[in-house]
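Hi everyone, thanks for coming.

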Amino acid sequence: MMNSNRFVQSGEGGAATTAPLLGLDIGGTKIAGALVALTDTQANISHQASVPTDAGRGGVAVLATILDFAKQLLATAREEGIEPRGIAVSSAGVIDPVTGSIASATDTMPGWAGQPLGPALRAHLSLPVAVLNDVHGHGLGEVAYGAGRGAQNALIFAVGTGLGGAAIVGGKLVSGANGVSGHFGHLYHETAHGLTCSCGRTSHIETAASGSGAARLYAARQIESGTLTDEEIAYAEKVAGSITGVVENIPEEHYEVREDCSRPALVRGGFELKQLADQGDEFARQIFIDGAFALGQTIAGLANSFDPDVIILSGSLTHVGAYWWNALHKGFMDQAMNLIGQTLVIEGSLDSSAPLIGAAVYFDSIMNDDEPAHTATQNAT
Ligand SMILES: [Zn+2]
């Protein structure tokens with residue numbers, strides 16, 4: 001279907017033709033792949049495909065699926081006469097910056113920690129491989145080709161089931177000593193007070209401002225509301241104290257709207273909470289408002305520390321509604337120092353393509369003397 005000629009682009013000033021990279025984006029729900037071709041001005045994505053991660057099978061099985069999937073994509077490309085010049089990967093988990101292996105991962109991908117993702121791809125496909133964290137990839141993508149294009153200093157926040165981030169300083173991704181940098185969800189916030197975080201600590205902003213956090217905050221506030229039965233309180237305490245906001249084996253009736261009250265005892269994540277809020281439930285809406293305000297305050301604290309050119313937010317929570325953004329801006333202005341209050345706070349523009357594009361940018365940056373790809377290309381003439 002795709003015209004492969006689009007990848008044979010003769011650059012100006014004698015630059016080499018740009019063969020695409022095979023891009024992979026590995027998440028807890030699905031493994032996405034595509035061919036990614038970068039030019040000075042554009043990131044072209046084609047041949048998109050995906051398979052379910054089925055993370056519950058464990059890390060070894062997930063890695064085997066990734067290797068098969070990548071082989072298939074590569075074979076399809078080669079059938080069309082396209083020879084990818086390498087493999088660029090964004091993955092959930094903390095990535096060992098030297099080896100490309102998974103240094104640690106959360107319970108959403110059991111057994112993912114320790115998997116030799118980079119080395120296994122290299123060995124099986126005989127191509128150069130670069131691996132980075134998916135949120136880091138998201139940030140690099142948005143700064144190179146998305147909403148933050150041209151920014152030298154940027155903070156990126158991915159507000160979905162969890163709350164992740166990335167810092168770009170002087171045009172480069174800050175990955176830190178262990179690849180952990182950017183875990184902005186794990187800053188203290190009083191709105192999250194007492195709630196268990198996905199990292200095992202308590203009172204982190206992620207437990208108030210993310211989708212899974214909103215479900216926990218909902219459960220905690222339902223307990224305080226005095227409207228729950230003893231049985232419901234027992235379940236709500238389990239949910240509020242969980243690290244995911246979802247507890248198995250809770251009877252379905254507790255997720256259904258009660259007769260004596262306009263809302264259910266519990267919700268499973270931000271999606272169900274948004275449905276309630278969209279139906280006009282003020283209690284649900286207030287949880288999003290308080291979470292967004294708290295997140296705005298946290299972002300301002302980081303902006304006061306980093307002084308970025310731009311702040312970019314992506315993820316499902318950014319689609320909650322205008323009231324979510326209003327609360328976020330209010331929280332931001334509440335804590336932003338003079339000058340910092342003028343910082344652009346905007347929505348990302350690349351959506352799910354961002355980690356694939358960012359991985360390709362990262363691939364070129366580590367293959368080109370550590371220069372970001374677009375900078376290196378511009379300087380090449
Ligand atoms: Zn945490």
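Let me start with a question: in what order do the five strands of the open sheet with β10, β9, β8, β11 and β12 lie? The order is β10-β9-β8-β11-β12, and the pairing is mixed. Its edge strands are β10 (172-173) and β12 (344-347), each pairing on one side only.

Before going on, some housekeeping. What you see is a predicted model, where local features need pLDDT of at least 70, side-chain atom pairs count only at pLDDT 80 or more, and totals for chains, interfaces and linings use all residues. Residues are numbered from 1 along each chain as its sequence is written. Helices (H or I, at least four residues) and strands (E, at least two) are DSSP runs, numbered from the N terminus, and two strands pair if DSSP finds at least two bridges between them.

Strand β8 (residues 154-159) pairs with strand β11 (residues 310-314) in the parallel sense, over five bridges. There, A154 stands opposite V310 in β11.

Now to another open sheet, also of five strands, with the order β3-β2-β1-β4-β7 and mixed pairing. At its edges are β3 (43-52) and β7 (129-133), and each pairs on one side only. From one strand to the next, the twist averages 20°. Axes here are lines fitted to C-alpha atoms, for helices over the stretch in contact, and angles run from 0 to 180 degrees between N-to-C directions.

Let's look at β2. β1 and β2 form a hairpin with three residues between them; the two run antiparallel and are joined by six bridges. Here L21 stands opposite V36 in β2. A second hairpin takes β2 on to β3 through four residues, and eight bridges join this antiparallel pair. Along it, A37 faces N44 in β3, and I31 has V51 as its bridge partner.

Is β2 enclosed or open? Eight of its nine residues are buried, so β2 is largely enclosed by the rest of the structure. By buried I mean 20 or more other C-beta atoms within 10 Å of a residue's own; exposed means 12 or fewer, and partly exposed is in between, with C-beta atoms placed from the backbone.

What covers this sheet? Helix α1 (residues 59-79) lies across β1 (21-26), β2, β3 and β4 (87-91), at about 35° to β2. Helix α10 (residues 354-367) packs on the sheet too, touching β1, β2, β3, β4 and β7. Contact means C-beta atoms, placed from the backbone, within 7 Å.

Let's stay with α1. Its buried residues are V62, I66, A70, L73, L74 and A77. Seen down the helix axis, they fall within an arc of 105°, so they line one face of α1; the arc is that of the directions from the axis to the C-beta atoms. They pack against β1, β2, β3, β4 and α2 (117-125). On the other side, V60, A64, D68, A75, R78 and E79 are exposed. Just after α1, G81 takes a positive phi of about 80°.

Finally, the largest nonpolar core has 111 residues, and V36, A88, V89, L273, I357 and A360 have the most contacts inside it. Such a core is a set of buried Ala, Val, Leu, Ile, Met, Phe, Trp, Tyr and Cys residues joined through C-beta atoms within 7 Å. Helix α8 (residues 282-306) gives the largest share, eleven residues.

Terms used: Contact = placed C-beta atoms within 7 Å.
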